[in-house]
Amino acid sequence: MAAVPPPGIYVPVPTFFVGKQAATYNAIAAPLDIDTQVAHSLYLARAGIRGLVILGSTGEAVHLTNKERFEVLSGVRAAFEAAGFKDYPILAGTATQNIEETVEQLRAAKDAGAQWGMCLAPGYFAGASTQEGIIQWFTAVADQSPIPVLIYHYPGVSNNVKITPSTFVTLARHPNIVGCKLSHGDISVHAQIASNPDIDHEHFRTFTGLGQQLLPVIAVGGAGAIDGCAGFYPKTVVRLYELSVKTQLTEEEAAERRRLQFKVSSIEELVAKFGTVGIKEAISRLRGFGDRDGTRLPLHGGIPGGDAEWANWKALADSVQEEEDRL
């Protein structure tokens, strides 16, 4: 049986590019900044994050060449090994529509040190795709992949392609498909997958992509979250997870859990509003990794409004930072 990613909190890390002050800077496609990539990854591991998703949507996978993909993955893996984080979980994202290229990326990901792949559902022809077609696409990928794969369902970046709970039930039976990330707000769908008695949840784990619904997703059988906010408030999100999986809580722990979920849900609105751009801005401002506007085209310029917009979030950010400092 294929290895399954352990439950917990994962971070979909951004891909860092060199800043404008670098001699190699190119406004059209700034080169990779592997040093910053490594520094942020180690920061997260030391803060208790269970694993990383590299080259997902937050990682601007669609903006990287296959050569760059390998450099990012292998650079982070080498750094983990050197720092004593042996076999630290790495999931490598894919966002191609072509089965052959997806498999090629998964093979390269294995060579670079990733233990799992996370494949975005093909959505270019979402309006014409059937559930049987989606089942056959993922089956073909999983049949050929040298590493176990997770299904990545993010309708917002894949043309609102639909994957029904029954399709997940079918795909969960594949020996090389070991889980899913659901990046949408439908808790009912999460429950119909994570609580489904027709799925072996020791083999197939359901992760939410939204920390703002971590507690309710855990309550219906979810395995954790792959959450952008955890990239800049890792200890807070990890603590919320720990309290969410705990079945017997003191009154103080129950109050802490409600408080943390409220704060995480509130600050997640920054991610919901600005996506990858907001995550990079927060990581730069709050943790000092990378440039605030360090994305590749067509993403450009950081969050709209700059300092004035950030000021609208500062009181909330400070409130969550109080939790981070406490932990």
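Which residues of α2 are buried? They are E68, R69, V72, L73, G75, V76, R77, A79 and F80, where buried means under 20% relative accessible area with a 1.4 Å probe, protein chains only. This is a predicted model, in which local features need pLDDT of at least 70, side-chain atom pairs count only at pLDDT 80 or more, and totals for chains, interfaces and linings use all residues. Residues are numbered from 1 along each chain as its sequence is written, and side-chain values use heavy atoms, leaving out hydrogens and water.

**Helix α2**
- Helices are DSSP runs of H or I with at least four residues, and strands are runs of E with at least two, numbered from the N terminus.
- The cover over the buried residues of α2 includes α1 (34-46), β2 (51-54), β3 (90-94) and α3 (99-112).
- After α2 comes G84, with a positive phi near 95°.

**The barrel**
- Eight strands form a closed barrel in the order β1-β2-β3-β4-β5-β6-β7-β8, with parallel pairing; two strands pair if DSSP finds at least two bridges between them.
- Strand β4 (residues 116-120) runs parallel to β3 and is joined to β3 by four bridges.
- Opposite A92 stands G117 in β4.

**Cysteines**
- The whole structure holds zero disulfides, a disulfide being a pair of cysteine sulfur atoms within 2.5 Å.
- For C180, the closest cysteine sulfur is that of C119, 13 Å away and too far for a bond.
- C180 is buried at 0% relative accessibility, and C229 is buried with a relative accessible area of 1%.

Conventions
Buried means under 20% relative accessible area, exposed over 50%, partly exposed in between (1.4 Å probe, protein chains only). Contact means heavy atoms within 4.5 Å.
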